[in-house]
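Trainee: Could you walk me through this one? I'd like to ask a few things as we look.

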Amino acid sequence: MAQLKSVLTFPSAAGLASPSPAGRYSACRTQTEALTASLSAEDQMVQSCADASPAKWHQAHTTWFFETFILFPNLPGYRTPDSRFHDLFNSYYNAVGPQPEKALRNTFSRPSLEDVHRYRRHVDEHMLALMESRAARGMVLKLAELGINHEQQHQELLVTDVKHAFWSNPLRPAYLAETPKQPFTAAATPQGARAYPGGLIEVGHRDAGSFHFDNEAPRHQVFVRPFRLGSRLVTCAEYLAFMEDRGYERPELWLSDGWKAVLAHHWNAPLYWEKHSSDWFQFTCSGMRKVEESEPVCHVSHYEADAFARWAGARLPTEFEWELAASELEVDGNLLEDGNFHPRAAAASNVDQPRQVFGDVWEWTGSAYLPYPGFKPEEGALGEYNGKFMSNQMVLRGGSCITPRSHIRASYRNFFPPETRWQFSGIRLADDGN
């Protein structure tokens, strides 16, 4: 299997910080190509669970997004390579038109992968022509920035889905064949806590001139009680202690729906963990390897995170507590462009600030995904992007080891149903400081 060398170096990463919209667009599209460079056409057809989509579909859908919301309305005379793509690669935009059931995406053997690549090149040619023209101002550039960030979300989903697909394959192939840049065996730093006085604080996106999703606004005030936040993420060693203390067998630790999920799915460890003899192993993007106790635990649901926190005598932070802590920090951490595609042990630090806030794993919070006061979705079909999912979801913060660096910020709100485990999700503890 070819090695994914282009992912480890990401020559396009600097382009995503380009002041030129066309430069950012090209860098983003190139980064997607790097992520799929080692995958065969067969690899890119697999859809291994209900949450996932085939890699080929991710490439086609992100292209459809640019074509549907930018080229058709703003480029006179634009013609699509195939009018049937209008419905085929629609995800959930009911105002645009019908779409196939998500579970059927792995049946799209046609168009071929080569056809999808041609579709991407066709749209790229016209997008760059539009973005470099005099018409590229105002709404066109705003929509292009949304499209770039939309594709970055799909880059993360693509890696997540490929990992699950390869784990589901009895051969357990490795997606990332290269040796990571740093050893995985660094010792974990001691767990501590940073105290915050709380009070009336402002949350939400603060810079009106920079990109943000509609669910990050409007900026508003909330009251936060005094709290403490864990100095680092929960490690595999700490989660193993929970497991060894019969954490998956004690209903008093679990939310009611969480306990139902444990029984229904026979959970006894995080997703991708397997016990061989007396040792636990986990599947990674580089294949199977022994669980490193110093690393952050990954691929746990909100239910598991909540049960662990209760077992530890703590709780999950609210999304506003998390944002208060994160707003004091620069975006830095183990992110997509580092090429590790796996969480790493917390580095030692003399600074009195939480570590691993950005990157490594998405951090479950105790907050339901709800609209901010005064929230208004975008007009038209784009109003379906976030707003219609504000029910039965929990908020995650901070990004993961496969989140593009330019994509994450303190106000970013990710969200998934509480039973979700296939995402790179983990745990940070909080308490009331009593």
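Trainee: Is E321 buried or exposed?

Mentor: Keep in mind that this is a predicted model, where local features need pLDDT of at least 70, side-chain atom pairs count only at pLDDT 80 or more, and totals for chains, interfaces and linings use all residues. Residues are numbered from 1 along each chain as its sequence is written, and side-chain values use heavy atoms, with hydrogens and water left out. Buried means under 20% relative accessible area, exposed over 50%, and partly exposed in between (1.4 Å probe, protein chains only). E321 has a relative accessible area of 5%, so the word for E321 is buried.

Trainee: Which residue forms a salt bridge with E321?

Mentor: A salt bridge here is a side-chain nitrogen of Lys or Arg within 4 Å of a carboxyl oxygen of Asp or Glu. The closest N and O atoms of this pair are 2.9 Å apart. The partner is partly exposed because its relative accessible area is 23%, and its name is R315.

Trainee: How many residues of helix α10 are buried?

Mentor: Helices (H or I, at least four residues) and strands (E, at least two) are DSSP runs, numbered from the N terminus. Helix α10 covers residues 319–326. The buried ones include W322, L324 and E321.

Trainee: Which residue forms a salt bridge with E323?

Mentor: The closest N and O atoms are 2.9 Å apart, and both residues are buried. E323 lies in helix α10 and its partner in strand β9 (residues 394–397), so the pair ties together parts 74 residues apart in sequence. That partner is R397.

Trainee: What is the bridge partner of E363 in β11?

Mentor: Strand β8 (residues 362–368) and β11 pair in the parallel sense over two bridges. In β11, the partner of E363 is G426.

Trainee: How many residues apart are R172 and E274?

Mentor: They form a salt bridge, with the closest N and O atoms 2.8 Å apart. R172 sits in the loop between α6 (139–168) and β1 (193–196), and E274 in strand β5 (residues 273–276). The pair links distant parts of the chain, and the separation in residues is 102.

Methods
Pairing = 2+ DSSP bridges.
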